[in-house]
Amino acid sequence: MRKKRVSEWLQQTIFVGPGFLFFTVIVLIPFVLGFYYSFTDWNGLDMDKAQWTGMDNLRKIFTNDEKFWDSLWFTLKFTVITVIATNVLAFLLALVLARPLKSRKILRTVFFMPNVIGGIFLGFIWQFIFTKGFYTVGEKTGFSFFELPWLGTPQTAFWGLIIVFVWQTAGYMMVIYIAAFAGLPKDLIEAAKIDGAGYGQLLRSILVPMVMPAITICLFLTISSAFKMFDLNLTLTKGGPGTSTQSLAYNIYTEALINNKYGLGTAKAMLFFFAVSLITVTQVWLTKRKEVEA
Amino acid sequence: MEKEEKYGGSTFVMEIVAIILGLLFLVPFYFVAINSLKTLGEILVDAASFPSEVIWANYSKAWEVIKFPKALFNSVSIVIVSVSLIVVVSTMTAYRFVRRATLFNKILFSMLIASMIIPFQSIMLQLVRITSLLELRGNFYGVVACYIGFGLALSTFLFHGFIKTVPLEIEEAAVVDGCSPLGVFWKIVFPLLKPIIITVVILNTLWIWNDYLLPVLVIGSNKDLTTLPLAITRLFGQYTKQWDLALAALAVSITPILIFFLFLQKHIVEGITAGSVKG
């Protein structure tokens, strides 16, 4: 009996120990420490010199940090537009690729391809396209749309980020929608067609409700990646012109790593955590309720 | 869904529209490819046409400026070591969680799942501090340790879901034959996990390969460990507006992952679907 207990304990340590150790040191401890540092004037260097400043950081954020609230507003607008645009495009692409097109395999590859390249690279590539490529296209075709100073004004830079994000993410969501369509019972669709359901009706009453689990997933994935956008922001607009396209993640980064206000940065990062949790949990709860049993 | 459907007129129209859209999706790659072979002067005059004279020298210069072989080696080795260890650590954790669902293990598993919602930004600053204290900062194993820590939750979750479907009888037979618990796991269970291991490997490879913020913070000033995303960012910091050089550098840096994708795309697409449907 005793031997068995020792063996159980040993197995638990061998199997779970390593994972538990990495998780605790890399994720858990830093996360918990974050709550403490949010209330200090930590400068990033000396942990022991971080003075407890109580509510100072929060007071500063809530009363005297316009840029933070601007970046929150920017991030919310960006998230709403990209989430809708990405999912509508992805859904349509999946519907089209569900038909027996001759080029469907290669098209699936093409639409998915931007996704395997990181935001850092894509930001630089599109920086070139917006500043040089579009300009040449505008000169040649005469469309003034292309000759806009794309990264030069707050409005166009905002839309520039949206274009790149949608281009990058739509293919990924498309793949998930394609898988969901493939899993639909064929007889149900046939029955609806025989009953005289039009395409719009088919879409509204059967396709959308039946792929609701996929919609839940895709909304979750796009909302969390749009709300946490950083890489693209860093390399496409650098938050500019000025700080007009600064996302929340980018604002936190500059506060801590450029201004060296780690305490304040941590406080923002913790608020960021609460915002992300609130938004994604609400979304999953809302869309889960709409899921039907197949 | 509608496979038996005939290839009619409306399908043809859709095919044309889809192909045009597909070409539009490829335009950015076209711009990078043609302009990486031009002189800077020609890029500035006309960024849309083919090069009048092909300048391969852009590539040899870019290759040296970003120290491509070194950066590629760093990226590849960080990915290989991190992903292998993530697979080893998380399969073992998940296996134990399924087979011994004690209260302690259940709590641990829930904590792991819940942690997936924490954005990297809420951890990164404290992580810089912790990794410095443990002397993990600026060294290879420090970066790997961070990836194991952050990769663990999703991977364990995916393995957990899969192991639940592995019948216990196979293991019981092996135990009767005198196999040790570790032996049962490695010889019997681990080989059965192959499909889900492919998914986990792909998801983690794409993430780690393209990751920027974690290596920037954890590698710090150690230039010997520069990965491809770091190398390209440094180049843009030094040579602003030198598009001939920059585009050639971008082209070589995105080539490895594009090759990876084109060769393994069937697995990648399946892996991503499996990963997100369960995730």
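Reply: One definition is needed at the outset: a polar contact is a pair of N or O atoms within 3.5 Å, and within protein one of them must be able to donate a hydrogen and the other to accept it. The model discussed here is predicted.

Me: Which residue has its backbone oxygen 2.4 Å from a polar atom of the side chain of Ser253(B)?
Reply: Ser253(B) is located in helix H13 (residues 243-278) of chain B. A polar contact requires a pair of N or O atoms within 3.5 Å. The backbone oxygen found 2.4 Å from a polar atom of the Ser253(B) side chain belongs to Ala249(B).

Me: Is Ser253(B) buried or exposed?
Reply: Ser253(B) touches Phe121(A), Ile66(B), Phe68(B), Leu228(B) and Ile232(B), when residues up to four places away in sequence are not counted. A residue counts as buried under 20% relative accessible area. The relative accessible area of Ser253(B) is 1%, so this residue is buried.

Me: Which three residues supply more of the area that chain A buries against chain B than any other three?
Reply: The area buried between the two chains is about 8,600 Å², and carbon and sulfur atoms give 77% of that area. Three residues together supply 9% of the part that chain A buries against chain B, more than any other three. They are Phe15(A), Phe121(A) and Phe128(A).

Me: How many salt bridges does the rule find across the interface of chain A and chain B?
Reply: Side chains of opposite charge can pair when their charged atoms come close. One such pair is Glu8(A) with Arg100(B), at 2.9 Å from N to O. Across the interface of chain A and chain B, the number of salt bridges is three.

Me: Why does the salt bridge between Asp46(B) and Lys140(A) join two chains?
Reply: The side chains of Asp46(B) and Lys140(A) meet at 2.9 Å, N to O. Asp46(B) lies in the loop between helix H2 (40-45) and helix H3 (57-65) of chain B, whereas Lys140(A) lies in helix H5 (residues 119-141) of chain A, so the chains joined are B and A.

Me: How many residues apart in sequence are the parts that Lys268(A) and Asp65(A) tie together?
Reply: Lys268(A) and Asp65(A) form a salt bridge whose closest N and O atoms are 2.9 Å apart, and both residues are buried. Lys268(A) belongs to helix H12 (residues 262-289) of chain A, and Asp65(A) to the loop between helix H2 (56-63) and helix H3 (66-97) of chain A. The pair therefore ties together parts whose separation in sequence is 203 residues.

Me: Which residue forms a salt bridge with Glu171(B)?
Reply: Glu171(B) has a relative accessible area of 6% and is buried. This residue lies in helix H8 (residues 168-176) of chain B, and its partner in helix H4 (residues 68-99) of chain B, so the pair ties together parts that are 72 residues apart in sequence. The closest N and O atoms are 2.7 Å apart, and the partner is Arg99(B).

Me: How far apart are the end C-alpha atoms of residues 72-98 of chain A?
Reply: An unreviewed UniProt entry lists residues 72-98 among the spans of chain A given as "transmembrane region". This span is 96% helix and 0% strand, and its end C-alpha atoms are separated by 38 Å.

Terms used
Residues are numbered from 1 along each chain as its sequence is written. Chains are lettered from A and ligands numbered from 1 in the order in which they are written. This is a predicted model: local features need pLDDT of at least 70, side-chain atom pairs count only at pLDDT 80 or more; totals for chains, interfaces and linings use all residues. Side-chain values use heavy atoms; hydrogens and water are left out. Buried area is the accessible area (1.4 Å probe) that two parts lose on being put together, summed over both. A salt bridge is a side-chain nitrogen of Lys or Arg within 4 Å of a carboxyl oxygen of Asp or Glu. Helices (H or I, at least four residues) and strands (E, at least two) are DSSP runs, numbered from the N terminus. Buried means under 20% relative accessible area, exposed over 50%, partly exposed in between (1.4 Å probe, protein chains only). Contact means heavy atoms within 4.5 Å. UniProt positions are given in the numbering used here, feature names are shortened, and annotations may be inferred rather than shown by experiment.
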